[in-house]
Amino acid sequence: MDLLRNLGSAAVSSLVQKSGLNLPFSLGEKNAYFEGKSIWSLYDGTKRDDGTPVSIFSFDSNQPPRRNLLPLAKNALRKLRTVRHPDVLKFIDGVDSDSSVYIMTERVRPLGQAIQSSTAKSTKEKEDWNVWGLHRISTALAFVNDSCVSTHGNVRIDSVFLSPSGEWKLGGFELLSNAKDDQAVLYTLGSILPDSSRYASPEVKKAGWSTLKEHHPSVTDAYALGLLIHCVFNHQAPLPATADPPHPPPAPSSRGAIPNFLFNPYKRLLNPNAKARLSPAAFLEMGAAQTGDGNGFFANNSFVRICTGLDQFPLSGEAEKAALLRSLKEAAPTLPPEFASHRVLPSLVSALEFGGATANAILPIVLQLGVHAPPADYPTIVLAPVAKLFASPDRGTRMALLEHLDDYADKLDNKTVADKIWPHLQTGFSDTVPVIREATVKAIGLLYPKFNDRILNNDLLRHLAKMQMDPEMAIRTNTCILIGRLGPSLGYNTKRKMLVPAFARALKDSFVHARVAGLMSFMATIDCFDTDDLATKVLPCISFTLIDKEKLVRDQAFKAVELFLKRLESHAASMPETAIDANGQPTVILPAAGSQSALVNSAAGAAGALAGWAMSSLSKKLVPGDLQSTMASTATIQLPTSAPPSLNGSSAGAGPSSLFASPPESTLSSPALPSRPLARPKGMQLGSKGSASARAAAMAAGLNAGGTAGALGSDDLMDVNADEDDWTAFESAPPTSAVGLGFGEVSFKTPVLSVDESDDWGNMDDGADDSGPSVDAWGGDLHAPQPMRPRPSPMSPAASLKSKSPPSRLISPSPAVSRSPVQSIPGAMSPTPPPSTPTTTGMTKEEKAAEMARRKEERKQRIALLKEQKKHSAVKT
């Protein structure tokens with residue numbers, strides 16, 4: 001069947017091209033239902049210039065039986081051009097020739113075809129729809145008969161069409177004529193129209209079409225209107241008996257599905273007496289009156305009330321508008337989809353453009369009725385007018401748009417949101433009414449997937465930063481929740497730069513639920529942070545909430561910390577046991593006392609582990625043979641920096657009395673750093689070159705050179721029972737200033753992340769933009785290690801006597817005789833004081849290389865000297 005339709009359309013198009021006519025449309029599918037019911041063939045088509053869907057009425061007179069019908073086709077074209085009415089078929093364009101006529105109208109379909117396909121409607125819905133359609137046709141006939149003083153002459157079911165909105169349109173203007181028109185075809189050619197005598201009035205059947213000149217133009221149209229009522233309600237039944245002579249009045253048994261309230265006007269329309277017959281205009285008045293035979297069957301019809309109210313909506317009062325909107329809201333589920341989307345929606349949208357107090361009542365109905373619109377037409381019918389409403393300054397309109405955004409947000413395209421909605425939507429962030437600001441924040445949660453990168457990562461975040469300082473607690477809380485939802489959609493650098501400061505601000509909010517929202521946002525965006533940020537930024541940021549004054553916050557904080565710790569534990573389990581240094585070698589780690597995996601679980605256990613760890617590790621570096629050997633008699637080990645130097649400037653071999661002399665009293669009024677600090681023992685110095693075994697061997701060699709007996713008369717290195725004597729060397733050491741350690745002035749106050757109110761998120765930059773390291777509350781880098789300042793060059797013991805060291809402020813020097821842990825042996829070789837090591841600060845690269853080479857050579861010489869002393873010591877024993 002479809003193939004035959006396509007072949008027919010192709011044949012017509014071929015004929016049109018051969019005829020040389022320039023048609024303003026393209027023919028589409030042919031309507032098979034309408035074929036043979038009129039002199040026309042009905043096609044679906046499209047307008048060439050803009051692609052608008054249209055209907056094409058085509059007449060071809062090349063067939064001999066249809067040649068005499070050409071004047072009727074041309075009369076229809078001529079009358080449709082001049083007769084314009086909302087209830088008359090809308091004419092767009094037409095083309096005629098000597099043998100063919102083409103009329104282009106709005107897209108329509110035959111009424112008979114629509115009635116056959118309306119079986120799904122209930123009886124009440126079908127009855128209301130038919131009464132409304134009869135009201136439209138009666139209105140059109142009243143216009144033709146009274147205003148145009150003409151007779152239609154072809155009122156039948158096949159002359160009525162349905163527009164896309166479901167409205168009935170009067171067509172079939174083949175016989176429409178005015179009695180005063182010289183070219184009137186009704187009175188001379190009315191009988192050649194197919195089936196014209198079947199629907200003719202009794203006077204026409206009796207005296208012919210020319211007798212109509214003696215009557216009112218409406219007499220035959222009124223009779224045909226009565227027959228139309230019968231055909232509409234009893235579509236499958238034949239015409240009533242009153243249509244044939246002697247035209248008896250309709251019996252109640254022949255009423256069929258015609259409603260009771262309509263049966264009496266129906267009988268008056270079919271009155272055989274033309275003078276007593278009810279005219280279409282009188283039929284309208286009877287239906288509009290609330291009293292009489294009609295009882296207001298038109299006035300009480302829901303479709304009629306809706307259409308009348310929509311037409312008069314701009315001029316109606318507030319009470320009338322409210323009543324109409326209420327009736328629309330109640331009738332919305334039962335309205336035909338085509339009527340709702342093409343008749344009601346355009347009228348409501350045009351009313352929305354004026355704004356006002358009814359906007360919040362109109363928009364929900366528009367969106368409710370919009371679901372009936374075809375998906376292809378929804379952007380044009382609903383979205384385009386709604387998007388324009390965002391430009392309205394009326395707060396009622398804006399509030400209605402935001403409250404019902406979830407009904408149409410998913411149907412908006414990205415370009416519409418970015419170009420037409422966002423420029424006006426962002427003004428809601430700065431509105432003076434808190435309700436508008438809060439609704440704007442909530443609306444972003446529905447629209448942000450359609451934002452472009454510029455809006456999402458720049459413009460929107462600026463507004464949200466200000467919203468976090470809003471005076472309204474609910475707005476601050478909802479803003480934090482919104483940022484948590486936006487997190488996964490933000491760019492990588494944007495996440496690292498703003499998520500932590502934004503949530504940190506919420507954690508310091510005075511509103512309890514805002515703090516809870518901050519913690520929950522941290523948890524929801526855990527995948528937005530890498531493990532380093534979790535450990536160095538997130539956990540320190542939320543730690544203070546663990547002791548929040550509100551239990552609700554504390555409980556949520558513990559859950560958040562537990563979540564982050566599990567993530568860090570799983571990451572730490574996948575990390576290597578040790579790091580690789582610059583040379584590609586694993587870092588040397590001294591094992592703990594006992595087992596390497598023995599971790600402490602209490603404060604007491606930690607104290608015990610710290611007490612024995614360093615010495616036990618050092619002792620394990622010495623081989624058992626070295627531990628059992630005796631100390632060398634001539635020790636050449638450098639004194640520690642904390643040991644007191646000789647008072648008289650002599651060498652270590654000057655005698656025992658020089659080692660136990662009291663330190664001189666300082667003449668300085670306040671502690672000060674020594675101008676040249678004492679040399680530090682190279683064997684225990686951090687960062688010293690050489691392997692651990694070489695250093696241990698060198699130390700053992702130095703100890704063995706000290707002889708078999710200690711200076712205190714026993715084999716112990718120090719007297720463990722003489723506490724006072726053992727630590728006097730450390731007590732007399734000059735204090736070390738914290739400044740020399742490279743930390744500046746240290747404050748032991750609890751760090752608090754300060755928020756600068758002038759900045760959006762407290763200037764908490766994570767360094768994602770390479771502008772510099774983040775700064776903590778003390779002015780230092782939160783994450784980067786502090787660089788060690790270069791140590792001053794050590795000086796010899798002799799030089800230290802010239803620069804008097806001040807006593808320590810923490811521990812005063814003991815008046816007792818200070819004893820060195822190791823006594824010098826008389827007659828032994830006096831060790832040469834180490835030369836002063838200049839610092840490399842301020843040196844050029846070549847000077848540093850030369851200095852390092854010199855130090856390396858000095859170290860070789862010291863090692864060789866130690867080996868030589870050990871060799872002499874072995875020979876003596």
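Reader: Hi! How many of the chain's 877 residues count as buried, as a percentage?

Author: In this predicted model, 40% of the 877 residues count as buried, meaning under 20% relative accessible area with a 1.4 Å probe, protein chains only. Local features need pLDDT of at least 70 and side-chain atom pairs pLDDT 80 or more, while totals for chains, interfaces and linings use all residues. Residues are numbered from 1 along each chain as its sequence is written, and side-chain values use heavy atoms, without hydrogens and water.

Reader: Thanks! And what does the secondary structure come to?

Author: The chain has 31 helices and 9 strands; these are DSSP runs numbered from the N terminus, with at least four residues of H or I for a helix and at least two of E for a strand.

Reader: How do α16 and α17 pack?

Author: Helix α16 (residues 414-425) and helix α17 (residues 434-447) pack at about 165°, with axes 12 Å apart. The pair is therefore roughly antiparallel, the term for angles over 145 degrees.

Reader: Nice, which residues meet there?

Author: Val417, Ile421, Trp422 and Leu425 in α16 meet Thr440, Ile444 and Leu447 in α17, with contact meaning heavy atoms within 4.5 Å.

Reader: Switching over, what is the angle between α12 and α14?

Author: Helix α12 (residues 337-352) and helix α14 (residues 378-389) pack at about 5°, with axes 10 Å apart. That makes α12 roughly parallel to α14, as angles under 35 degrees are classed.

Reader: Which residues in α12 and α14 meet?

Author: Ser341, His342, Leu345, Val349 and Leu352 in α12 meet Ile381, Val382, Pro385 and Leu389 in α14.

Note on methods. Buried means under 20% relative accessible area, exposed over 50%, partly exposed in between (1.4 Å probe, protein chains only). Axes are lines fitted to C-alpha atoms, for helices over the stretch in contact, and angles run from 0 to 180 degrees between N-to-C directions. Angles under 35 degrees count as roughly parallel, over 145 as roughly antiparallel, 65 to 115 as roughly perpendicular and the rest as oblique.
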